[in-house]
Amino acid sequence: MTTHGGSEPVFCTVVPPHVLDRLARNDDPALSGPARRTLLRDSELRARRRVTTEFRLAAAPAAKAPSDQPLRTIYDCAHGTDLPGAKVRSEGQDPGRDATVNRAYSGLGATFDLYLKAYQRHSIDGDGLPLDASVHYDEGYNNAFWNGEQMVFGDGDGEIFVDFTNSVDVIGHELTHGVTQYTANLTYYGQPGALNESMSDVFGSLIKQYSLGQTAAEADWLIGAGLLAPGVTGAALRSMKAPGTAYDDDVLGKDPQPSTMDDYVRTGRDNGGVHINSGIPNHAFYLFATALGGHAWEKAGQIWYDVLTGGELQEKAFFTDFAGLTVKAARERFGDGGDESQAVKKAWEQVGVRIL
Amino acid sequence: MRIQVRRTGGFAGIERRAEVDTAGRPDADEWHALAERAVAGGRGARPSGVPDGFSYEITVDGERVYAADPRLTAEQRTLISRVLKEGA
Ligand SMILES: [Zn+2]
């Protein structure tokens with residue numbers, strides 16, 4: 001085990017419900033407002049998940065079937081931080097002059113496509129949720145995130161990072177945080193947080209592979225290729241094929257991702273290392289998909305999707321819980337004793353995750 | 001006054017930290033006012049962030065507060081970007 005910042009206290013970033021309750025009653029609207037919105041959103045999501053998992057078979061037919069077309073809107077923050085910003089492109093409108101807006105729009109389309117065509121999922125909530133993204137967030141902002149409702153992309157500072165819409169897998173990664181939120185809702189801390197991150201990397205990479213028509217052998221298995229500014233020594237931000245090798249740079253440092261449990265990093269930072277230890281389940285997926293060969297979204301991706309959305313994956317799941325469910329899903333979908341269930345078991349074994 | 005900022009998380013998961021010591025700086029008063037307001041708007045524990053959002057620790061003369069994107073106050077945002085840009 002590697003320890004980063006061992007002397008640091010480890011805090012959980014997830015505000016416990018009783019604290020939220022207290023904040024929601026605070027006289028200061030700056031405190032009570034966000035807490036109330038969080039509570040409201042959490043209870044809506046919980047109810048929705050319960051309905052979709054428990055009543056999946058018994059659900060009444062929807063009043064109106066969700067469309068097979070996405071409903072995209074791109075907003076421009078014009079380097080400010082107010083969200084969502086000014087509406088600059090709506091669904092069906094022709095491309096404009098801003099390449100960032102056009103990339104965001106087509107990246108949302110590519111993501112919608114994979115989920116619909118490979119997994120028959122209508123948008124991130126499975127019910128045609130409109131897809132909103134804001135670009136040009138803040139000045140020289142070196143990040144992209146999912147705020148619970150929409151995607152937000154920075155332009156990068158031009159020295160370390162360039163425009164975060166450059167990589168379609170980054171767009172797919174952010175949207176997949178939405179899918180996870182509406183399904184397993186993996187807690188964004190520690191091992192469940194690293195699984196949450198890994199889901200976003202796996203489907204982000206599959207979106208890129210699907211849009212390029214690549215097989216597992218042809219894919220680069222990189223996350224964020226095209227995000228590093230010229231002069232930075234590195235290929236991308238993460239490598240699912242070889243975690244820990246994506247970059248090694250004077251300014252950025254070295255890619256800290258482990259590929260097996262032997263090198264699991266214990267830290268309180270980065271929500272308990274969610275972007276670090278995701279290397280382990282990422283690598284397991286890569287090993288599984290390349291062992292099967294062909295298009296990774298068809299079998300390997302299907303099994304991961306089955307587990308993410310199947311209702312059995314707990315919010316606080318550990319790697320071993322997830323691994324066990326993938327073996328079960330492989331058996332259910334492709335038969336016991338088949339290549340798929342053997343290959344997925346072997347992949348977890350190779351990264352040192354025990355299946356109980 | 002020693003003002004330290006540590007940023008963790010983010011899509012890349014790459015940590016950045018920087019520090020400004022205002023002693024002897026001609027703009028020290030401006031820094032002090034900004035730092036005090038940024039700390040006043042901070043939290044005593046790490047707030048729950050959003051996926052891939054940056055989280056921040058702001059430490060002013062040993063007093064540490066926490067904040068996370070996208071819910072920063074204007075003063076926190078300004079202080080963080082100035083320290084990360086101008087600090088060592
Ligand atoms: Zn993420």
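**View 1. The loop of chain B that runs between strand 4 and helix 2 (74–86) holds P70(B).** The structure shown here and in the views below is a predicted model. The peptide bond that leads from D69(B) to P70(B) is cis, and its omega is near -5 degrees. Most peptide bonds are trans, and most residues other than glycine have a negative phi.

**View 2. The loop between strand 2 and strand 3 of chain A contains P84(A), and H79(A) lies in the loop between these two strands of chain A as well.** L83(A) and P84(A) are joined by a cis peptide bond, for which omega is about 5 degrees. At H79(A), which is not a glycine, the backbone takes a positive phi near 70 degrees.

**View 3. Chain B and chain A meet in a contact to which chain B gives 25 residues and chain A gives 37 residues.** Between them the two chains bury about 2,600 Å², and 55% of this area is on carbon and sulfur atoms. Eleven residue pairs are found in polar contact across the interface of chain B and chain A, with both residues of each pair at pLDDT 80 or more. On the side of chain B that touches chain A, strand 1 (2–9) and strand 4 (63–68) of chain B each contribute at least two residues. Strand 1 of chain B provides the largest share of that side, namely three residues.

**View 4. Two salt bridges are found across the interface of chain B and chain A.** In one of them, the side chain of R77(B) meets that of D138(A), with a distance of 3.9 Å from N to O. Side chains of opposite charge can pair when their charged atoms come close.

**View 5. Over all chains, a search of the whole structure gives 25 salt bridges, and the pair shown here is R72(A) with E91(A).** The closest N and O atoms of R72(A) and E91(A) are 2.8 Å apart. Since R72(A) belongs to strand 2 of chain A, while E91(A) sits in the loop between strand 3 and helix 3 of chain A, the pair ties together parts that are 19 residues apart in sequence.

**View 6. Five strands of chain A form an open sheet with the order 3-2-4-6-5 and mixed pairing.** Strand 3 (86–90) and strand 5 (144–146) of chain A stand at the edges and have a single partner strand each, so one side of each is left without a neighbour in the sheet. From one strand to the next, the twist averages 20 degrees. Strand 4 (residues 131–135) and strand 6 (residues 151–153) of chain A run parallel and are joined by two bridges. In this pairing, A133(A) is found opposite M151(A), a residue of strand 6 of chain A.

**View 7. Helix 3 (residues 99–119) of chain A packs on the sheet, where it touches strand 2 (72–76), strand 3, strand 4 and strand 6 of chain A.** The direction of helix 3 makes about 150 degrees with that of strand 2 of chain A. Helix 4 (residues 168–182) of chain A also packs on the sheet, touching strand 4, strand 5 and strand 6 of chain A. For helix 4, the direction makes about 20 degrees with that of strand 5 of chain A.

**View 8. In chain B, an open sheet of four strands has the order 2-1-3-4, and its pairing is antiparallel.** Strand 2 (16–21) and strand 4 of chain B are the edge strands, each of which pairs on one side only. On average, and with direction ignored, neighbouring strands of this sheet are turned by 15 degrees against each other.

**View 9. Strand 1 and strand 2 of chain B pair in the antiparallel sense over six bridges.** Within this pairing, R7(B) stands opposite R16(B), which is in strand 2 of chain B, and R6(B) stands opposite R17(B), which is also in strand 2 of chain B. The hairpin made by these two strands of chain B has six residues between the strands, and G10(B) takes a positive phi near 85 degrees there.

Note on methods:
Residues numbered from 1 in each chain as written. Chains lettered and ligands numbered in written order. Heavy atoms only, no water. Contact = heavy atoms within 4.5 Å. Buried area = accessible area lost by both parts, 1.4 Å probe. Salt bridge = Lys/Arg side-chain N within 4 Å of Asp/Glu carboxyl O. Polar contact = N/O pair within 3.5 Å; in protein donor to acceptor, adjacent residues only side chain to side chain. Pairing = 2+ DSSP bridges. Axes fitted to C-alpha atoms, helices over the stretch in contact; angles between N-to-C directions.
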